[in-house]
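This report concerns how two protein chains meet. Please consult the sequence and the structure shown here while reading.

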Protein chains: 2
Amino acid sequence: MDLFSFLNSVNITSPQAKEALEQITQVKSYSKNEIIQEIGSRCKTIYFVQEGRARIFYYKNGNDITEHFAFRNDLIVRAESLFTGKPTSKGIQAIEQTNIVGINSDSLFKLYDKHHDIERLFRLLFEREYVNTVKRIESLQFKSAKERYVELLETTNYVQKIPLKHIASYLGITQVSLSRIRADLQ
Amino acid sequence: MDLFSFLNSVNITSPQAKEALEQITQVKSYSKNEIIQEIGSRCKTIYFVQEGRARIFYYKNGNDITEHFAFRNDLIVRAESLFTGKPTSKGIQAIEQTNIVGINSDSLFKLYDKHHDIERLFRLLFEREYVNTVKRIESLQFKSAKERYVELLETTNYVQKIPLKHIASYLGITQVSLSRIRADLQ
DNA sequence: ATGATTATTTATCATTTGTTAAAGGAAATC
DNA sequence: GATTTCCTTTAACAAATGATAAATAATCAT
């Protein structure tokens, strides 16, 4: 389910809450490869991708690793920072020209006190993210690289045009390995 | 931080809320290897381990795979069912004699409407679980089996006495492989 | 369009992990 | 405490993936 269908289906935010939410919301455009959030920063913004593609990434032994992809209508946050207040060694980058909605988290968390329905809305949103993360573990824990790649292709329509190296590191393998797997699948 | 320090540090539940929570809470004892929640069931209970060790597990190609460990003071739920209402192919099992607190989730979710502070408490608890899950992905995605094993030993005091096969599958490797890694580490 | 840069494939060899089987240890049951 | 069952280690070989390098292919900037 995409974000907007979800918002409609939960349908719990009052007009006042919607108004308050809008006031802490910003839409921004990022060009291809532009950094949305720097590595080492604290996550103080909750993003929703309107159009385009973005990723969470970090460096391990000098290698650029994609931890997460976000496509149209996806939520994207660096949870390990947002929910702890600590800085994170991960960043967010636009993969291509991307329009993104940003909500300031400090302001949002303050709204939680006034608007129970906003707290509930975001609780439900993050519960969905949590479930997605659990499913990702299932995949990484005992599926082969080939299985993981096929699964990604099947569950995601947005993988086209994403550089192979990003897909490879997302799957936990090298790009050479992924290239081999693709050749194998022909 | 363990559960009880956390509960004290957030300190947001009113006496009425605590009273209401207690009424939907049950303490149970399970013997070694006893099934706490059957594979295929829906997750309708949120558990906290008081004493002992438990695990979430499932079968893949006939192999018993441990997806998650829970020790003293840990929360344990099958998120992919609790937050979707769907049945899950995972179960929960006591690894040894274990005392566990269970909270009925249907009742809990109803309490959310009456007691904002209960909803908040559990939102915060599950946010912490979500963060743990994200960290687990980092580990599975690009660390070697040996790194993952050393990390597990370093971050967890409760791994002793857990059968090697459970630890191995948790790390995403075979028990033979883990045995090799242990020999290597001597 | 052209040249420069970046992305992808292919090949070779090294390393890690899986598979199977067997043996040795530890623990539970009677 | 003997026996059975379960757990852990070791060994030998197979398969998957990593590392490095080189060759194509695609894209970008001027």
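Predicted model: local features only at pLDDT ≥ 70, side-chain atom pairs only at ≥ 80, totals over all residues.

Residues are numbered from 1 along each chain as its sequence is written, chains are lettered from A in the order in which they are written, and side-chain values use heavy atoms, without hydrogens and water.

Contact (heavy atoms within 4.5 Å) involves 37 residues from chain A and 37 residues from chain B. In chain B, Tyr130(B), Gln141(B) and Phe142(B) lose the most area to chain A, together 21% of what that side buries. Buried area is the accessible area (1.4 Å probe) that two parts lose on being put together, summed over both.

| Interface of chain B and chain A | Value |
|---|---|
| Buried area | about 3600 Å² |
| Share from carbon and sulfur atoms | 62% |
| Salt bridges | 10 |

A salt bridge places a side-chain nitrogen of Lys or Arg within 4 Å of a carboxyl oxygen of Asp or Glu. One such pair is Arg123(B) with Glu119(A), at 2.7 Å from N to O. Helix 5 of chain B gives the most to the side of chain B that touches chain A, with 18 residues; helices (H or I, at least four residues) are DSSP runs, numbered from the N terminus.

In helix 7 of chain B, six of the eight residues are buried, meaning under 20% relative accessible area (1.4 Å probe, protein chains only). Their cover includes helix 5 (116–142) of chain A.

Definitions and conventions. Helix = DSSP H or I, 4+ residues; strand = E, 2+ residues; numbered from the N terminus. Buried < 20%, exposed > 50% of the residue type's maximum accessible area, 1.4 Å probe, protein only.
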